[in-house]
Amino acid sequence: VRALVAGVGLAVLLALPVGLSALTVANSDLTVAGLDVGQGSATLLLSPRCSVLVDCGGSASASAGDLAGDYLAEMGRTKLDALVLTHLDDDHFNGVERLLERVEVEQVAAPVSARGEEPAQQLEGWLEEREIPIRWVEEETQLPLEGVELTLFPPLGSGTTNEEGLFVLGTAGVFDVLITGDADEYVEKMLVKYFTIPDIELLVVGHHGSASSTCMELLARTSPELGIISVEEDNPYGHPDPDTLERLRRAGVEVHRTDLEGTVTVAMRGEAVGIW
């Protein structure tokens, strides 16, 4: 175990397996893995009986689809109950074709704002070949899966694909994780203004730690305890931005970064949290 959140009772803590393995997932309410895909994003949510991937793209030498497939195989998984794409920019999407070659996918969800664009047409072709249904999300949508409930919040902005993407809230027991894609602060403020968002335990930090994301309004409303930043070492964008890191620090968020730590995995059982 790389780290443990302070305040966890010893009896509960000892119930978590020490090593990250399929046994860890089987004994946790929810396991969230921010995969090390370089400059990109691919986040796995695993309950004991359910597997979900949010986004699948990056700049690593290996395809994000292979990285996700390998991680699933290590955890004893052979399929995804859902693939959710916050938006279809390359760094969130370029591993999808390879993923579909590696892993059985039950269903796909993507923002309705992307429909009709070239990446969406590619996606529809790949899914049609495999008879996989796709849901184009245009309103708040619940995906009740076994052991985890996904709430998909629709596109709230306009202009760029970043502003027209989905937000994803995953809930299992008392554990909530929020994934904001590449949304900027304007869209984050729209989310907390128009939708009910609970206090969360884990935030997948928006837009790889960009200065224009992760506003104080979002942090104040959601009160995350942990944050994962998916980002490439020495990337040309200067991510994560020092101002964003300072906002996270002031909000009391314990930050873990893929550029410094590789794939970051958080497993929660009851109120015990392990980080690998």
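Start in the loop between β14 (202-204) and α8 (216-222), where you will find H208. Keep in mind that this is a predicted model. Phi of H208 is near 60°, a positive value, and H208 is not a glycine. That deserves a second look. Most residues other than glycine have a negative phi. Is H208 buried or exposed? H208 counts as buried, because its relative accessibility is 4% and the cut-off is under 20%.

Move along to S223. S223 sits in the loop between α8 and β15. Its phi is positive too, about 50°, and S223 is not a glycine either. S223 is partly exposed, with a relative accessible area of 36%.

Next, a peptide bond. The bond from H239 to P240 is cis, with omega near -5°. As a rule, most peptide bonds are trans. P240 lies in the loop between β15 (226-229) and α9 (242-250).

Now the strands. Look at β11, residues 148-153. Five of its six residues are buried, so β11 is largely enclosed by the rest of the structure. Which strands pair with it? One is β10, residues 141-145, which runs antiparallel to β11 over five bridges. Here L145 stands opposite V148 in β11. The hairpin of β10 and β11 has two residues between the strands, and G147 takes a positive phi near 95° there. Another partner is β12, residues 167-172, also antiparallel to β11 over five bridges. In that pairing, F153 has F167 of β12 as its bridge partner.

On to the rings. How many aromatic pairs does a search of the whole structure find? It finds two. Take F93 and W126: their ring centres are 5.7 Å apart and their planes are at 20°, so the pair is stacked. This pair links distant parts of the chain. F93 is in helix α4 (residues 90-93), W126 is in helix α6 (residues 118-130), and they are 33 residues apart.

Last, the cysteines. How many disulfides are there, if two sulfur atoms must lie within 2.5 Å? The count is zero. Take C50: the nearest cysteine sulfur is that of C56, 17 Å away. C50 counts as buried, at 1% relative accessibility. C215 counts as buried as well, at 4%.

That's my tour. Over to you.

Note on methods: Residues are numbered from 1 along each chain as its sequence is written. This is a predicted model: local features need pLDDT of at least 70, side-chain atom pairs count only at pLDDT 80 or more; totals for chains, interfaces and linings use all residues. Side-chain values use heavy atoms; hydrogens and water are left out. A disulfide is a pair of cysteine sulfur atoms within 2.5 Å. Buried means under 20% relative accessible area, exposed over 50%, partly exposed in between (1.4 Å probe, protein chains only). Rings of Phe, Tyr and Trp (its six-membered ring) pair if their centres lie within 6.5 Å; planes under 30 degrees apart count as stacked, over 60 as edge-to-face and the rest as tilted. Helices (H or I, at least four residues) and strands (E, at least two) are DSSP runs, numbered from the N terminus. Two strands pair if DSSP finds at least two bridges between them.
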